[in-house]
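Please open the structure in your viewer and get ready to select a few residues.

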Amino acid sequence: MEKEKKRKTGPTCFGYPISIFFIVINEFCERFSYYGMRAVLVLYFTYFLRWDENLSTVIYHTFVALCYLTPILGAIIADSWLGKFKTIIYLSIVYVAGQALMAVSSIHDITDSNKDGTPDSIDVHIAMSMVALILIALGTGGIKPCVAAFGGDQFEEHQDKQRSRFFAIFYLSINAGSLISTIVTPILKAQECGINSKQQCYPLAFGVPAALMVVALLVFISGSGMYKKVAPQGNIMVTFCKCVGFAIKNRYRNRSKQIPKREHWLDWASEKYDERLITQVKMVLRVLVLYIPLPMFWALFDQQGSRWTLQATTMNGDFGGIQIEPEQMQTVNAILIVIMVPIVDGLVYPLIRKCNLNFTPLKRMTVGMFLAAMAFVAAALVQVNIDQTLPKFPSSSQTQLKVINLQSSNLNVIFPGNVPEATILPGMAEGYKTFTTADLKNITVKNNVSQDQIQIDAIAGERQTILVKYSSNKVITDLKKKPEKGKNAIRFVNNWMDTVNVTMGGSHVAELSILENSTYSLVPRGRVNIEVKANGSTCSGESMSFGYGSSYTIIINKCTESSLALDYIEDIQPNTVHMGLQIPQYFILTCGEVVFSVTGLEFSYSQAPSNMKSVLQAGWLLTVAVGNIVVLIVAGAGQLSEQWAEYVLFASLLVAVCIIFSVMAYFYTYVDPVEIEAQFDEKEKKEKEMDSKAYENGDGPYSQTKM
């Protein structure tokens, strides 16, 4: 008997089952795989598949929503068919296949028959990517409700403290995997790889997460002999739904006032279902009702990967010797989680208990929701600062015009309408002037010698520049949005008397005749070498130091063996608001996450009956899916032109939901499912004993005296 008990409980380490360490490592690797892939997903949509930002954001949140909808499927499979252990293994194989296909879909050489570095059939890559994302969503979503619950199953009934600590460690492993992958994957993406041409290495950025998912699967399988595996207890999800449906139908049939009322509407299912199941369904439904307001928290939280990342693209990522990419700012959340979970769990909560404050799980979750709302207020304040530095681009009925003086004397410019006359120094430019496109027909330019009227073919919704050099002039079209990826858009104008050949950063730009301009080339932050060849002479020099997200027109004024004379005209100013200003909003949101999400996981498990834990875990994860759908609905229906206003809208909605949740939490009564089920076990035991005594006394239903 002693041996059997030992085998059942399994080996332990410091009071914890050794099996949970395999589960924690598995979760770390799986989260590395998922968050590593997700970190560059929006950029993959935007820069590889060439979707616009709106479509990329929609598909991103749709994918995340699908990842949190599929836990329902995983819960059904685990609880009614395969059990948690086999469900995790089989769906992990699907997960691995999806990650591998995602890596393959990002290899541009597959359809790049002309070897120009651009896929010839982007539809093939889109199709593979969508299939891969569906497989990943099935895999990661399917195992979500199983892994945490499977870890909780490894503990005995008396190990409440260890189980609570396990959930904290489990959540820590999630964020450790997220932290490392969010740092590493953008670095891998930044590498150049390819067979015929070198491009950003998305195959490596997706391939490493795929490899980590293989490791996760192998680690989980290696602990098989130590796991406490709870057998599936029937199709509990279907039974749950049937019980609720029968109670509603039966109540409707017996709606007559002459029929006595019952204590709870679910008691109308007692004609078909036993009291134990009805009580378990009641426990689950009471928690599911509490879940109704929770999606709003996730609607804000998951915008770290979309809106907040896009906000970072308009900011300066120079942290001294470290250059931070916009998508890497998400690591702030994971870093703070790794630091704060042990602090809150080991210091803050014990301190609150010593102060005799009743900081219940639902109170913690309420505080977490309020903090998330405050984080979006902080994001709105940052956005206001950013908006003050962003260029104002023309509307669809406007044209913006800039004049560059390429001559050696001052240039006076007379604009149409009420725009003041301007005097432009040699090698300088007058900033953009905004006109109604229909009113912009021409401008007048004067110097010491002559006066000319320049005819303009104004293009609605565009920025245009006029190059003026005495009697010669040229109208060129400029950028009307910030350069991609925080890089700098550079173009050249030849103001020298000979044709010039321009090379920048080792890459050939263009051969330019007199007054000709090149197209824009993207260069990273910092200085770059510029080499110009003209009339047999080669001259070179280091450029000015470029920032983030700027655009310049570089005027080549002179090229001799001894010197290279350049003028820099700023078309779009670099990002000036520092990414460090996002840290407060990440800190506040992380504080909210610690007291909301970790507590929610523990609360879901503690309030669930033994045979419905995966169902309640799936319900918890379903709130994340609905939250991502809320983002699409609110952002689409809001039609707000200012991003800061959208942040305030989300914050206001969460505060309103937070108030509703706090009222609901006030009326919630905590239960102990183990104690309730023990009461039913005791009741059933007594009934069996009574039946046994009845047999002994000859009063049983099949006693000899009654046959």
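Before selecting anything, one term: a residue is called buried when its relative accessible area is under 20%. Keep in mind, too, that this is a predicted model.

Start with Cys539 and Cys559. By the definition above, both of these cysteines are buried. Show their side chains and you will find a disulfide between them, with an S to S distance of 2.0 Å. Look along the S-S bond: the angle about the bond is -125°, and the link of Cys539 and Cys559 is left-handed. Now colour by secondary structure. Cys539 sits in strand β20 (residues 537-542) and Cys559 in strand β21 (residues 551-559), so the bond ties together parts that are 20 residues apart in sequence.

Next, select Cys193 and Cys201. Here the sulfur atoms are again joined in a disulfide, 2.0 Å apart. What is the handedness of the link between Cys193 and Cys201? With 105° about the S-S bond, that link is right-handed. Cys201 has 6% relative accessibility, so this residue counts as buried.

Numbering the bonded cysteines along the chain gives the pattern 1-2, 3-4.

Now for some cysteines without a partner. Select Cys29, which is in no disulfide; the nearest cysteine sulfur belongs to Cys67, 18 Å away. Cys29 is counted as buried because its relative accessibility is 5%.

Finish at Cys658, which is also in no disulfide; its nearest cysteine sulfur, that of Cys591, is 15 Å away. With 7% relative accessibility, Cys658 counts as buried.

Note on methods. Residues are numbered from 1 along each chain as its sequence is written. This is a predicted model: local features need pLDDT of at least 70, side-chain atom pairs count only at pLDDT 80 or more; totals for chains, interfaces and linings use all residues. Side-chain values use heavy atoms; hydrogens and water are left out. A disulfide is a pair of cysteine sulfur atoms within 2.5 Å. Buried means under 20% relative accessible area, exposed over 50%, partly exposed in between (1.4 Å probe, protein chains only). Helices (H or I, at least four residues) and strands (E, at least two) are DSSP runs, numbered from the N terminus.
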